[in-house]
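Take a look at the model first, then read on.

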Amino acid sequence: MIAKFLKSREAILLAAVIALILLVETRFAGFAAPSNLAGVFNDTSILIILALGQMAVILTKCIDLSLASNLALTGMVVAMINATAPGVPVIALIALAIGMGVVMGMFNGILVWKLDIPPIVVTLGTLTIYRGVIFLISDGAWINAHEMSGGFKAFPRAEFLGLPVLSWIALLIVGLFVVLIGRTGLGRAFYAVGGNPHAAVYTGISVGFTRFMAFTIAGGLAGLCGYLWVSRYAVAYVDVAGGFELDVVAACVIGGISIAGGIGTVGGAVLGALFLGVIKNALPVAGISPFWQLAISGAAIIIAVAFNARGERSKGRVILKSAEHAQ
Amino acid sequence: QDDDVRIALVVKSLGNGFFEAANRGAEEAAEEIGNVEIIYTGPTDTTAEGQIEVINSLIAQQVDAIAVSANDPDALVPALKKAMQRGITVISWDSGVAPEGREMHLSPSSHELIGQTIIKLAADELPEGGDVAVLSATSTSTNQNIWIEEMNKVMDQYPDINVVATVYGDDLADKSYREAQGLMQTYPDLDAIIAPTSVGIVAAAQAVADAGKIGEVNVTGLGLPSEMAGAVESGASKSFAIWNPVDLGYATTYLAYNLATDQAEAEPGAEVGMGRMGSATLDDNNEAAMSEPFKYDASNIDEFKSVF
Amino acid sequence: MAPKDYSPRAAADTAAPVLELRGISKSFPGVKALSDVALELRPGEVTALIGENGAGKSTLVKILTGIYQPDEGEIRVDGEPMRFATATAAADAGVTAIHQETVLFDELSVGENIFLGHAPHTRLGLMDWARMNREATAILDRVGARIDPTIPLRELGIANKHLVAIARALSVEARVVVMDEPTAALSQKEIEELYELVERLKAEGKAILFISHKFDEVFRIADRYTVFRDGEMVGAGRLDETSEDRLVELMVGRSVDQIFPQRHPVLGGEVLKVVGYSHPTEFADINFTLRKGEILGFYGLVGAGRSEFMQALFGVTRPSKGAIRIDGKVAVIRSPTEAIAQGIVYVPEDRGKQGAITALPIFQNVTLPSLDRTSRSGFLRMAEEFRLAREYTQRLDLRAASLDQDVGNLSGGNQQKVVIAKWLATKPKVIILDEPTKGIDVGSKAAVHEFMAELAAEGLSVIMVSSEIPEILGMSDRVIVMREGRMAAEYDRADLTPETLVRAAAGLEEAA
Amino acid sequence: MSLSEGTRPRHVPDRLTSRSQRVLRSWEALLIGVAVLIFIANTQASPYFLNPWNLSDATFNFTEKAMIGFAMALLIISGEIDLSVAGIIALASTAMGYALQFGIGTPGLVAIGLGVGLLCGAFNGVLVTRLGLPSIVVTIGTMSLFRGIAYIVLGDEAYNGYPSSFAYFGQGYVFWVISFELVVFLILALIYGILLHATNFGRRIYVIGNNPTAAVFSGVRVQRIKMTLFLLTGLMSGVAAICLTSRLGSTRPSIAYAWELEIVTMVVLGGVSILGGSGSILGVVIAALVMGMVTFGLGLLNVPGIVMSIFIGALLIGVIALPRLIALLRARRA
Ligand SMILES: Nc1ncnc2c1ncn2[C@@H]1O[C@H](COP(=O)(O)OP(=O)(O)OP(=O)(O)O)[C@@H](O)[C@H]1O
Ligand SMILES: Nc1ncnc2c1ncn2[C@@H]1O[C@H](COP(=O)(O)OP(=O)(O)OP(=O)(O)O)[C@@H](O)[C@H]1O
Ligand SMILES: [Mg+2]
Ligand SMILES: [Mg+2]
């Protein structure tokens, strides 16, 4: 069991994350302190949540480029509601955010399922549409901290057992995903649909519906992140999380989620996100110019995908009996 | 309608509260003058390419004047030159364009005054001296770099103040927030963060509040009263400064109008009227300063926070 | 046509059938896969379904398991008409199957492959992995496979994968178990265990449909038989009332009325010589020579590695050992491009995936490998392409609306003609035809056979891989039989009977 | 000797539908319709639209993107994609700016821009064809890597002071209102049109995109062609980098930010199947014009760029969804 874990992608990634933390620690004592690491985790929470949503989509052999726009749109809507009607309870806004995200995810999903349009085209379109709608409803105006109610901003930062609620939400979602992916029919269907769509039909799984569900879940998570982002940074504007969709894909890829579908774990996605999060946080602390960040994450993606691909290469079939035993 | 003087106010990006306020000043000036139509426009993200597209469509509409706050001092030059060739009056304001791309430039304040103001704001709260760090805006923008330079020039007046770092938040809320966090982690004894950018200062104040360091770390710099009201109230920021963007938009409109209608000529030494803001005197580079920055603190914030 | 062999006694059986099929028909574009077939399965009985490749056996299995819907006909379970709209519906009705293709998931664990879609749940509605793995171990034990259910499927060899597929079929509570060539990929020991399993299932009162090409096992475990030929049912009855010869006759019956072209081979000199060709995992030690104007047949059971060897010969994969000579000169082939340049071409077995570019028009398919000839300094010349395409498609008597019709709209046989035309247009020395008539209708088959004979008569050397005994017997000058990646035997045409071929391929005895 | 002696071979005509009929029913026809509608709408909406100088200025909205779009179309037809093109622009532009510091003249700068483009394309190509990695992931990585290197080199600085002769590429006019960039765009459209539709190379691109396995089995050198396409895409990014740098007269690492998605949108809107195997250069040209007209027309109405992108996104989904929706409804009715 342990030996198997040590050989897994997750273990290697975990080692890489730890090595990275220790490396920074040598240059800047205090980085590896628990309180700082908790801060890094809190900072990475949103990336983790989105990476899990993206993972569900990628597992089914699709991709969702509209997650960041979905996030920005829901974030703007809840911020505007909060600014005009501060009386609406935060919990209702969170429910609304998730609901809106779900609807946007379903829109992607239905186009993929019923009209069979390639996911990349669908989400490339909705990526720009969702973001444009933000401008239409907000007129480009920012919603700033002072326009938001205290409760709206306080919720994600409220501390509970030493960790902010934002971190707890991320942990909760990770937990839910462990259950969803590992212990439910839908979660397993993600793997089946992405791993071998043809064979999925033989097991009675609807490929289109499963993909639809993946988009819906990812959308709901993006909606939730919309609220979290906006309240966390206490600001909402058109360009919130611009370009973040690719960070999310990058986290998945680094975490060993195969873009070809059917391969990947919750732990991998979380570690992939943490890897990027640690880099983002470590660079300024370690005194490396932040201008290095982009190149480093790019290189990390390439190395990760090259590394993961080694294991995925198929062996072909084995006909010779001698060869089979020799394996 | 057709004999209206059409003045395009091109901003760095739409949706920025600062520019919205400038637009209000421009509209105020337009109303005062009477036959002026303001076209308020700009790209949605702060890129030079986006501004060029906007400028091209303004040229096509044959507006009478373009007043631009530039995302890049050089990249806009060819497009603006073309505008001038087609008889359009071009001025820059707030964030300048290289001289060959405009007739004149209006700085909201002089760079010296701003540089001196931001360090003074920090130093006034630190009679014993201490460590301060700078959280700058877009890593590529002209203004912040000059201001920081001017600030450094007067640092010898504050022997006890130490500038320990300069970081860039790229005018993104989340990045600025993270950079501010990083500063506090890297320099546990930090006493103040100077953010000469309206995005950065808000993010830094938020980061300080979230880190529970109100009272320990003072956030100051340039910000908008409406955005900074909360920070002043909570004590994360004791004071900050800004020129009045409403005035800036107002003055810009007057300048553009006067140049476009040939009531004044943009040349060194010329005095161009700015309505209630007096008049601007152009220097050798055809540049002028509007006024000095204005300090906001708990005593006057409530009065201004609803203005801009 | 051989007379239909409906045993009169079949109707007098006592047990009522669990599953009845009546008048089932199913067509695919260009092929009538099943035409008005009927079948009855009774509890505690094993019915063998036999027939040549492409006879429609697997199609029937897919209809039984809800993957395909029949065009016509009726399925009854316990006398009640049923519709199997999805795979789940069929499983709920108690029908389970081991499919011929492994429809499994490489990245999932063995246990999950067995239980996907019907895994045991805890009271909270969540999957119960522990119980699943326990039950998987139990089922794997039943099929005699000692496989850890927690390892990913991809770590298994082909035989073990097949055992997992069998275990999957047994994981549902079923009354009807369908096995589509379950022993094809298994070794002798595993086969023995499978036979025992079938006995046990029989004793439990399950109705079993057992599809196989191997007569010995059919006689050993089945009680009844049904024979399909070209999508029709041509015989059924009790096995103890028939003989191996009779079954072969029923199955291969078409050879009686199918006329293969008369050939008078005049063999020339050696064109191709293959010495010791080997691959690390797929085939080993292949030796033969091919003469001008010769048709060399390669026979074997599906999965014997013939295609893999041919693909290595064509440069798609590279051998680990061995050498070839073409026209007496040593040649090295590292890619299909080099093979084509040397005059060796390959008509692949998987037409849709490897042969035809279905979304492109006929003429573009035909001229693809000859583009350098039809073009001028790299620029296409459409007129020249049409000329070449017209020449070769006419030679093959292609039926199509126009030459710029997409190949995907053609019937299987005509698609095959396009692929063959494509290769003939390169003017090759050796043409390798891998299952050239697989899945094409009888008329097209005859055309392909006739054509092959004429090619040989023109001096082209032909290697024909086929799993159809009459085709092998009717066309080849010489036959090589492969088994498990090795050459099992080599015959001159004169020495051949269907039985010797079947026995050599199955490894039953060394008939030399 | 005929093989089917006795039976006369049946005649199969070359074509059933004439070329003109095909064109009328094609994607390109649909797009041209859309383009005409937008053109008419623009002339109605703004009196400034129909002015040669204005239209000429408007071409800059798409010429550089379309240059890359042509190569991208080939790449996507072959079943791959390159999302690093904007990153390549940033890196090539930075390299030119860097070289400028050493007093290198215009010819040298051009060579460097093209060379860096080629190198970046080669890097992508090697990763995809030699290591067999999925291009979408590889180029998401190199997108960050290339632009990241530009950031490392430049930080918050900018290069400017390009020689005046260099300005010609992005600001020069060949004839009256016909800019140098427009001429390059038209010539490249022609070259790529011929390359894709009239050469063996182009034919093989379609074959690879339709069925890579069958392509290998037909003796097509799949990896070599894909490598060439990555090189071409890199080269075109280099050309675009030269034009854009020349037009801006300065280099910042954020240059051409987020262009990759606009370019892919242009190509897909042009009827190139994102799954590979079909598409035409004419379609890409029309799509470029459509996108250029939409942005320019809305720009004349001072509609912000982000609102324009709603139109583009809706157009993208709408144009692809419409035929499928109709087919679906028809199937349901039947
Ligand atoms: N999905 C499909 N589309 C088109 N044709 C098909 C399809 N599936 C099967 N066929 C054709 O239907 C016929 C019957 O095929 P089937 O697989 O049922 O044969 P089989 O008896 O199982 O043969 P084998 O012994 O080779 O497994 C063949 O001609 C085959 O090519
Ligand atoms: N599990 C597998 N992995 C990879 N390729 C496979 C696999 N199964 C089948 N193939 C490919 O599909 C085709 C059909 O294989 P098939 O089952 O006919 O066996 P084969 O190895 O071709 O043996 P033969 O030609 O002797 O029947 C072949 O080209 C083979 O390479
Ligand atoms: Mg079968
Ligand atoms: Mg085969």
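## A metal site, annotated spans and a buried threonine

The UniProt annotation "transmembrane region", from an unreviewed entry, covers residues 70-92, 98-119, 131-153, 173-195, 229-249, 255-274, 281-300 and 306-329 of chain D. The model shown here is predicted. Two of the annotated spans are described below.

| Span in chain D | Distance between end C-alpha atoms | Helix | Strand |
|---|---|---|---|
| Residues 70-92 | 19 Å | 70% helix | 0% strand |
| Residues 98-119 | 17 Å | 77% helix | 0% strand |

Next comes the metal site. What coordinates the magnesium ion (ligand 4)? The donors are C:Ser307 (OG), C:Glu349 (OE) and C:Glu349 (OE), at 2.0 to 2.7 Å. The two residues link distant parts of chain C, 42 residues apart. C:Ser307 belongs to helix α10 (residues 306-313). C:Glu349 sits in the loop between β17 (344-347) and α12 (351-355).

Is C:Ser307 buried or exposed? C:Ser307 counts as buried because its relative accessibility is 10%, and the cut-off for buried is under 20%. C:Glu349 has 26% relative accessibility, so C:Glu349 counts as partly exposed.

Now turn to chain A. A:Thr44 is part of helix α3 (residues 34-59). A:Thr44 has 2% relative accessibility and therefore counts as buried. Which residues does A:Thr44 touch, leaving aside those up to four places away in sequence? They are A:Ala273, A:Leu274 and A:Gly277. A:Lys280 lies 236 residues from A:Thr44 along the chain, yet their C-alpha atoms are separated by 9.2 Å.

Note on methods. Residues are numbered from 1 along each chain as its sequence is written. Chains are lettered from A and ligands numbered from 1 in the order in which they are written. This is a predicted model: local features need pLDDT of at least 70, side-chain atom pairs count only at pLDDT 80 or more; totals for chains, interfaces and linings use all residues. Side-chain values use heavy atoms; hydrogens and water are left out. Donors are N, O and S atoms within 2.8 Å of the metal (3.2 Å for Na, K and Ca); water is not among the atoms, so sites may look incomplete. Helices (H or I, at least four residues) and strands (E, at least two) are DSSP runs, numbered from the N terminus. Buried means under 20% relative accessible area, exposed over 50%, partly exposed in between (1.4 Å probe, protein chains only). UniProt positions are given in the numbering used here, feature names are shortened, and annotations may be inferred rather than shown by experiment. Contact means heavy atoms within 4.5 Å.
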